[in-house]
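I opened this model to look up its nonpolar surface and its charged pairs. My entries follow in the order in which I checked them.

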Amino acid sequence: MLARRPGRGVLVVLVLAALGQAPLARADSGNVVLNLDRYDGTEAIRGWAAGAMWMGRAGDQDPFRVGLAGVWLEDGHWGYAAAGRTFHLGQRNQCDASARWGRASLPGQSHDFTEVSATLYTSVVPGRWIVTLGDSWLDVGDREGQLVQGGLDFVARGRWSAGLRLFSGITGDLEENYLNGNVRLRGASVTWVLGATVGRTVPFPGAAPEATQSSSEVYLGVAIPVGRQQMNFTASRFDGESTTRRTLSASWLLPLSPQRGTAPEGAPP
């Protein structure tokens, strides 16, 4: 499939280059994040995922990230390059743009693996209420279309915040509609994240369109500082009509500068 659509591949490569390479000339050293995921449950989705990402800030202090990742499951595997950057638009707005491009090996499906997305964050009440609007174009295996999102975040005066997101497929064969909510608790050093997703979605990115199903997923994550470094652990469980998935994720954030490692603003958790 990639060979029949060279223009699309060239476009994504250019986006990756623009997001990931343009800031490097004046960027700080940033952080390197190494991650490892273990999937268990229904036989088709047992496996592993691993990746490495460099996250830093450009000369204008806008966060950026560049990385590589791969996923190996019983029912297929894929690998991709990824890049993203957050642009500050005045005092109250910022836009996060990202792209992933690679190749998949999925039984009976095409080899495509492409995602380009943009998300706008607007502070309705500065430092308290944030409105989110986003649009993603996906082409993974035989699934292709646009997935839009809208949501609201609240940042309390104490050490907690909460967010709510609604996702919906509006074009192609993305028959997905689901709601995600999360609460983040920040202690003196440890940060906890508790969240849940309910609706219709696929159990993993490489699933065929007909695998879309009513489901629920709960997850719990914790970020722990270890000296200048930081460890992140997340456990989740997905229960669908025909699929169960349990995931354990670990990531290790290594600072490349003298300061303690922290994920740049705008980078994914």
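Entry 1, nonpolar patch. The model is a predicted one. I looked up which strands contribute to the nonpolar patch and found that β10 (177–186) and β11 (191–201) each supply at least two of its residues. I recorded the patch as about 560 Å², made by Trp160, Val183, Leu185, Trp192, Leu194 and Leu220. I then checked Trp192, which is found in strand β11. Trp192 is partly exposed, at 42% relative accessible area.

I noted eight salt bridges in the structure. One of them pairs Glu115 with Arg100, with 2.6 Å between the closest N and O atoms. This pair links distant parts of the chain, as Glu115 is in strand β6 (residues 112–125) and Arg100 is in strand β5 (residues 93–105), 15 residues apart. Glu115 counts as buried at 17% relative accessibility, whereas Arg100 is partly exposed at 24%.

Arg143 lies in strand β8 (residues 143–155) and Glu176 in the loop between β9 (160–169) and β10, so the pair ties together parts 33 residues apart in sequence. Both Arg143 and Glu176 are buried.

I placed Asp153 in strand β8 and Arg165 in strand β9, twelve residues apart. Asp153 is buried at 16% relative accessible area, and Arg165 is buried at 14%.

How values were computed: Residues are numbered from 1 along each chain as its sequence is written. This is a predicted model: local features need pLDDT of at least 70, side-chain atom pairs count only at pLDDT 80 or more; totals for chains, interfaces and linings use all residues. Side-chain values use heavy atoms; hydrogens and water are left out. Patches are made of residues with over 30% relative accessible area and no salt bridge: like charges are joined within 9 Å, nonpolar side chains (Val, Leu, Ile, Met, Phe, Trp, Tyr) within 5 Å. Accessible areas come from the Shrake-Rupley method with a 1.4 Å probe; for residues, only the protein chains shown count as cover. A salt bridge is a side-chain nitrogen of Lys or Arg within 4 Å of a carboxyl oxygen of Asp or Glu. Helices (H or I, at least four residues) and strands (E, at least two) are DSSP runs, numbered from the N terminus. Buried means under 20% relative accessible area, exposed over 50%, partly exposed in between (1.4 Å probe, protein chains only).
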